[in-house]
Amino acid sequence: MNVREIAQAANVSPATVSLVLNGRPGVKADTRQRVAQLLLENGYEIRQTISSRQTVRLMFLRYCGAKHEQFDPRYDFFVEIMNGIEYQAAEYGFQLSIANADASSLGSTIRDAAKTFSGILLFGSELEQETVPVLLQSHCPLITIDAHFPSCPIHCVNIDNEGGIFQAVQHLQKLGHTKIGYLTSTAGNGAIPTRFQSFQSALRQYGLSYFPEYTFKLPPHLKLAVDQMQKILDTHPPLPTAFAAANDSLTLGAMQALQQSGWRIPEDISLIGFDDAYLTSMSNPPLTSVSVPKEMIGRTAVRQMKHLLDCPDDSTIYKIQLCTKLIVRQSSDTPSC
C-alpha cells in the first residue's frame, strides 16, 4: 500500500500519514498508533525525530556587549522574548537553561554548550560584527535573536525594523508633518543603524526632506537621555514639528526634557517611539510607539530550532522577520503650524 492507500485505510488524510511517517508532532496518540501500525505492516520505516529520541536541551544565551548597561532600559523587551521562549519550550517538552556571555566568554560558552545542549538561542541585540566568526564555529544549531548580520550565513529571528520605521514616518506624514526629526542612540550596535537608514529611506519614499540638524544622538538610558536632550535644548537649536526615534527610552527621555523646557507634547512637537515598552502607556501623554511582537519572537525562535533539530539535513539558512504594528496614543497629532 502506498501513502494515499494507507490514509484511506486509516480514515485520515495523506498529510497525517506523512506526519506519522516523519515522526512529526500534531497527531493524536491513538491515531498515530493506528497509522504507524499500517506503515510498519507495509514495509515503511518510521523516522524518529531528534525531539522524540532524546530530551532536547536548549540554551538561551544573552550576549552583553561592551556598552551593556546594568540597568538596561529595554529590559522588558528581553523579558518578554524570554517568556515566549520559555512558553514554547515548555509546550514542546524541551529543557531550557539561561546564561550570559560577553566578548571574552562568548566563544568558550558556545563551545561548551555544544557538548551538552541540542541548540543555542542567542539574544544578540548587542552583538558586534567581530563576533561572527565565533558564531559560525558553533557545533550545534544556533539561532540569533534581534541580531543583524544580513550577509552572514547565520539563522536569525528579527523584527522588521524597516517596516516599523516606515509606519512611524507614514503616520506623521499623514498627520501633515513635513519637518520630521530623528532621535538615535550613541550606541551604534544592533538595530540602531538599520532604523536610522530606514528613517532616511522612509522620508524619501514619502517625498519628505531629511534635515541633519534635526537628528539628535542620545545615550541609551532614560535619565542620561533626559540630561543630554536638555543640554541640546539649552543651545536653542531649530526643532522639527515631530520626532521619530530608534527606541522608546530615547523618546521618553526627549519628552521629559522638552516638557521641562516648556514644549507641549503633542501640541508643539509630536513624538513616536519604537518597541512599545511598558512605560509608553504610562507616560504623560501616553506615547505613540511601534509595537514589536516580543513574545512571538521568542516562540518563533524555539519553533525554528525544533525544525533545525528535526531536519538536520536542511542546509537552508533561515532569516525570519516579524512585522510590527503602530500603536497610536496621545503623543502624536497634527502640527500646530
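Let's begin with Asp276. Its relative accessibility in this predicted model is 16%, so Asp276 counts as buried, since the cut-off for that label is under 20%. You will find Asp276 in the loop between E9 and E10. Its backbone deserves a look too: phi of Asp276 is near 55°, a positive value in a residue that is not glycine. For background, most residues other than glycine have a negative phi.

Asp146 also has a positive phi, of about 60°, although Asp146 is not a glycine. This residue is found in the loop between strand E4 (142-145) and strand E5 (155-159). Is Asp146 buried or exposed? With a relative accessible area of 3%, Asp146 is buried.

Most peptide bonds are trans. Pro266 lies in the loop between H11 and strand E9 (270-275).

The peptide bond from Asn284 to Pro285 is cis as well, and its omega is near 0°. Where does Pro285 lie? Look in the loop between E9 and strand E10 (288-291). The loop between E9 and E10 is also the place of Asp276, the residue we began with.

## The whole chain

Now step back and look at the protein chain as a whole. Twelve helices and twelve strands make up its list of such elements. Along its principal axes, the C-alpha trace spans about 80 × 45 × 35 Å.

The chain has 337 residues, and 51% of them count as buried. What share of the contacts with a separation of 6 or more comes from residues 24 or more positions apart? The share is 71% in this protein chain.

## Where helices H2 and H3 meet

Next, find helix H2 (residues 14-21), which holds Thr16, and helix H3 (residues 29-41). The axes of H2 and H3 come within 10 Å and cross at roughly 80°. Angles from 65 to 115 degrees count as roughly perpendicular, so H2 and H3 are roughly perpendicular to each other.

On the H2 side, the contact is made by Thr16, Val17, Leu19, Val20 and Leu21, while H3 brings Thr31, Arg32, Val35, Ala36 and Leu39. Sorted by class, the residues of this contact are seven nonpolar, two polar and one charged. Thr16 itself has a relative accessibility of 18%, so Thr16 counts as buried. If you set aside neighbours within four places in sequence, Thr16 is in contact with Val27 and Thr31.

## Where helices H10 and H11 meet

Compare that with another pair, helix H10 (residues 222-234) and helix H11 (residues 248-260), whose axes come within 8 Å and cross at roughly 45°. How are H10 and H11 oriented relative to each other? At that angle, H10 and H11 are oblique to each other. The crossing of H10 and H11 is right-handed. From H10, the contact includes Leu222, Ala225, Val226 and Met229, and from H11 the residues include Leu252, Gly253, Ala254 and Ala257. The contact of H10 with H11 has nine nonpolar residues, five polar ones and no charged ones.

Leu233 lies in helix H10 and is buried, with a relative accessible area of 8%. Leaving aside neighbours within four places in sequence, Leu233 is in contact with Leu239, Ala257, Leu258 and Ser261. Leu233 and Ala257 are 24 residues apart along the chain, and their C-alpha atoms are separated by 8.0 Å.

## The nonpolar cores

Finally, look inside. Which residues touch the most other members of the largest nonpolar core? Among its 64 residues, the answer is Leu121, Ile145 and Met229. Not counting residues up to four places away in sequence, Ile145 touches a list of residues that includes Phe60, Ile81, Ile85, Leu121, Val157 and Ile297.

Key: Residues numbered from 1 in each chain as written. Predicted model: local features only at pLDDT ≥ 70, side-chain atom pairs only at ≥ 80, totals over all residues. Heavy atoms only, no water. Helix = DSSP H or I, 4+ residues; strand = E, 2+ residues; numbered from the N terminus. Buried < 20%, exposed > 50% of the residue type's maximum accessible area, 1.4 Å probe, protein only. Contact = heavy atoms within 4.5 Å. Axes fitted to C-alpha atoms, helices over the stretch in contact; angles between N-to-C directions. Parallel < 35°, antiparallel > 145°, perpendicular 65-115°, else oblique. Left-handed = near helix turned anticlockwise from the far one by under 90°. Nonpolar A, V, L, I, M, F, W, Y, C, P; charged D, E, K, R; others polar. Core = buried A, V, L, I, M, F, W, Y, C linked by side-chain atoms within 4.5 Å.
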